[in-house]
Amino acid sequence: MKVENKDFSIEEVCNLKSKIDPKPQYQRTQVWKIDRKRLLIDSIMRGYDLPKFYLNKIPFNSFFDFEVCDGQQRLRTIWEFYEDKFSIGKDLKFEDENLDGLKFSELPEKVQIFFLSYKLTITTIIESKSNEIRDLFARLQKGMGLNQAELRRALSTQIGSYVESIVDNHRFFKECGFPNLRNKHQDYIDHVISYFVNGFNLDMKGIVLQDVYIKISPYQATQYVKELSLILDAMEKINSYSKGIFKNKWAFVDSFILLFQNKHRKVDFERFKNRFLYLENKRKEYRGNPKSLIEKEISTDFDKRLYDYILAFSKDGNLKANLKKRNTVFDEEFKHVFFDK
């Protein structure tokens, strides 16, 4: 790996925005909230030093000259502030001038000049192998709170590329009704890919999901993405009757698996929605005291199957025994929504 260190002014970095890809596959999605963005701008205005940024030079790319290896959140924040997308927070002064609540275009000229002249230290990677870039990213992020889905995203795999494309482009995720915070959409997909590979033979834990990513061959990845798209089409139709119906992870995973197991049968999507909401409402009603469902002397709604389902849902839902138990319940509860062609 060959690198080059250089100081760039914020103005230069803003002028380069169209040439920098802030979100290569291994990067996390944008997660900073407004308070953290304002804190960064506050630090710049006070002249505090910022950690250096890492850019990777990408030759033969028709869209970008660089991609961000480290500093995505900070770069996005600087660009957004420069474009007047948020204002400065409270209690910030510049040479006795109060800047509270001002956007960039509203700042006095001397403050704008100071901001645009502020120097950012950027390490540009001018020669490397793809695995070196991902290794650098993983090392830079250690101790910075990446979740398991983000770590899997950092792996160089064919299935990872496919999952990213599905999450970004499939209509289900555009209409699902729940946000993709910290790669939630990818995490849901990773769990069903684990089912493709392992069935109910292994728990769906972090290390297992990561191992699945590594072991899937390019040919298998191509086959799995076809299955993913097919079942997501069905889930999109169900979601159209009740937006956000699959926002809970196990609601998504359990429904996906059942639909996959019945992929050669017709589905009454509206009836599926109605049955799912009934089961979900019952789960919420009894989750505080599921034992009452099996105490015949006090229960007016005896239901051993629902009791088993709630227990398998509420704790250690990723264990293979609980995944299988919920699937058994789903198979019985939804048997009237599937029809032979």
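Modeller: A charge counts as sitting over a ring if NZ of Lys or CZ of Arg is within 6 Å of the ring centre and within 35 degrees of the ring normal. The model is predicted, and what follows should be read with that in mind. By this rule, the charged end of K249 is placed over the ring of W250, 5.4 Å from the ring's centre. The ring of W250 also has the charged end of R326 over it, and here the distance to the centre is 4.7 Å.

In one of them, F172 and F246 have ring centres 6.3 Å apart, and their planes meet at 45°, so the pair is called tilted. F172 belongs to helix α8 (residues 171-175), while F246 is in the loop between α11 (218-241) and α12 (249-261); the pair therefore ties together parts that are 74 residues apart in sequence. F172 counts as buried because its relative accessibility is 0%. The value for F246 is also 0%, so F246 counts as buried as well. A further pair is made by F196 and F260, whose ring centres are 4.9 Å apart; their planes are at 50°, so this pair is tilted too. This pair also links distant parts of the chain, since F196 is in helix α9 (residues 184-198) and F260 is in helix α12, 64 residues away. F196 and F260 are both buried.

The largest nonpolar core contains 58 residues, and F252, F256 and F272 have the most contacts inside it. What does F272 touch, beyond its neighbours within four places in sequence? Its contacts are I238, F246, S255, L258, L259, V267, F334, V337 and F338. F246, the loop residue of the ring pair with F172, is thus one of the contacts of F272. There is also a second, separate core, which has 32 residues, including F53, L75, F104 and I122.

Now to the strands. Five of them form an open sheet in the order β1-β7-β3-β4-β2, and the pairing is mixed. On one hand, β3 runs parallel to β7 and is joined to it by four bridges. On the other, β3 pairs with strand β4 (residues 66-70) in the antiparallel sense, again over four bridges. N56 gives an example of each pairing: it stands opposite I125 in β7, and its bridge partner in β4 is E67.

T124 gives another view of the sheet, from strand β7 (residues 119-127). Is T124 buried or exposed? Its relative accessible area is 8%, so T124 is buried. Apart from neighbours within four places in sequence, T124 contacts K2, V3, E4, L55, K57 and F66.

Helix α3 (residues 72-82) is another enclosed element: 10 of its 11 residues are buried, so the rest of the structure largely surrounds it. Among those buried residues are L75, I78, W79 and F81, but also R74, R76 and E80. L75 is one of the residues of the second core. Just after α3, D84 has a positive phi of about 65°.

Last, some totals for the protein. It has 15 helices and nine strands. Of its 341 residues, 49% count as buried. Among contacts between residues at least 6 apart in sequence, 69% join residues at least 24 apart.

Definitions and conventions
Residues are numbered from 1 along each chain as its sequence is written. This is a predicted model: local features need pLDDT of at least 70, side-chain atom pairs count only at pLDDT 80 or more; totals for chains, interfaces and linings use all residues. Side-chain values use heavy atoms; hydrogens and water are left out. Helices (H or I, at least four residues) and strands (E, at least two) are DSSP runs, numbered from the N terminus. Buried means under 20% relative accessible area, exposed over 50%, partly exposed in between (1.4 Å probe, protein chains only). Contact means heavy atoms within 4.5 Å. Rings of Phe, Tyr and Trp (its six-membered ring) pair if their centres lie within 6.5 Å; planes under 30 degrees apart count as stacked, over 60 as edge-to-face and the rest as tilted. A nonpolar core is a set of buried Ala, Val, Leu, Ile, Met, Phe, Trp, Tyr and Cys residues joined through side-chain atoms within 4.5 Å. Two strands pair if DSSP finds at least two bridges between them.
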